[in-house]
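Let's take a walk through a protein model together. Keep the 3D view open and turn it as you read.

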Amino acid sequence: MKHLTIVVPDGQNNLSSIVGAYKIFTRANAYWLNTGKKELFKIQLAGISKEVDFYEGLFTVKPHTTIASIKKTDLIIIPSLNHNYEDAVKGNKLVIDWIENQYKAGAEVASICTGAFMLASTGLLDGKNCSTHWAAADNFRLMFPRVNLHADQLITDENGIYTNGGAYSFLNLMIYLIEKYYDRQTAIFCSKVFQIEIDRQSQSAFTIFTGQKKHDDEMIKNAQAYIESKLDEKISIEHLSSHFSVGRRNFDRRFIKATGNTPIEYAQRVKIESAKKSFETSRKTISEVMYGVGYSDVKAFREVFRKITGLSPLEYKRKYNKDMQY
């Protein structure tokens, strides 16, 4: 029998991802028993404390055991953390070291949402692909510049390390792992029982772009503000760089270093974010919204919109505007 460790970190972290992971894998085990197979996993919650309080003591988790008593495990699931990532990491150094050692001994590791901060602290993600909640992406890039963050992806899978996007998208990661360790039929069963959409691959449609401004380059901050003030105009990056008396190549380099986007990508994301809000809250046509964010070519607008959101403008409007007129 394989061993599954669901980590219970110290601190005010996320309870739902611990409970959800436990329930789905327990149900998968039960399904295998009902089909005449043996349980695949011994499932244990483990941490460094006998009890961990959540939500200011409203809930308490009593792990089955401590990580020190687990000499060998096959799969580790790291739940999402609270929003004070540095404190969450500092308060769980023993857990981080244990995860690193277990991976080097052959275990696979999956992080849920902002649990990627704990996983990245092991150094195991350096040079590898990773996802996390879109809202935590800027902080993650600042803390872990050696990790290849892909915040648009729902799940990454590389060398026995799995990560996923934000919040309740962890349910999709659980189904992914169920198929990986059990089989497709068990994954389908669990997806139906828990009513989780199977084979989701992107969290792009849920992303709210706010722009990376946690940097110290004042010129780039001014350039960002300029782009955001010209939503209805087609912006020339050549004009923008000359406006700030910087050569185009140097301007691009500084912009990418500060924001993680090229100036063109940044302008596209700002415009598409504005278009999304219009689709969500108004009855404007696609053309009206398109012109309002500085596009005049329908094909180009649709291509950029789909690239950023994973949906066409019409699909997005139908999904998020209940007053959509068909």
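**A threonine and its surroundings**

Setting aside neighbours within four places in sequence, Thr122 is in contact with Ile96, Ile99 and Glu100. Bear in mind as you look that this is a predicted model. To find Thr122, go to the loop between α4 (116-121) and β8 (129-130). Is Thr122 buried or exposed? Its relative accessible area is 8%, and buried means under 20%, so Thr122 counts as buried. The side chain of Thr122 also reaches a backbone atom: the oxygen of Leu119, at 2.5 Å.

Now let's turn to charged side chains. How many salt bridges does a search of the whole structure find? The search finds 17. We will visit some of them here.

Start with Glu51 and Lys62, whose side chains meet in a salt bridge with an N to O distance of 3.8 Å. Glu51 sits in the loop between β2 (41-47) and β3 (52-54), while Lys62 sits in the loop between β4 (59-61) and β5 (65-66), so this pair ties together parts that are 11 residues apart in sequence. How open are the two partners to the outside? Glu51 is partly exposed, at 48% relative accessible area. Lys62 has a relative accessibility of 61%, and since the exposed class begins over 50%, Lys62 counts as exposed.

Next, look for Lys72 and Asp74. Their side chains form a salt bridge too, with 3.8 Å from N to O. Lys72 is partly exposed, at 46% relative accessibility. Asp74 is also partly exposed, with a relative accessible area of 23%.

A helix gives us another pair to explore. Which residue meets Glu218 in a salt bridge? The partner is Lys221, and the N to O distance is 3.8 Å. Both residues belong to helix α8 (residues 218-229), where they are three residues apart, about one turn of the helix.

How values were computed: Residues are numbered from 1 along each chain as its sequence is written. This is a predicted model: local features need pLDDT of at least 70, side-chain atom pairs count only at pLDDT 80 or more; totals for chains, interfaces and linings use all residues. Side-chain values use heavy atoms; hydrogens and water are left out. A salt bridge is a side-chain nitrogen of Lys or Arg within 4 Å of a carboxyl oxygen of Asp or Glu. Helices (H or I, at least four residues) and strands (E, at least two) are DSSP runs, numbered from the N terminus. Buried means under 20% relative accessible area, exposed over 50%, partly exposed in between (1.4 Å probe, protein chains only). A polar contact is a pair of N or O atoms within 3.5 Å; within protein, one must be able to donate a hydrogen and the other to accept it, and residues adjacent in sequence count only if both atoms are side-chain atoms. Contact means heavy atoms within 4.5 Å.
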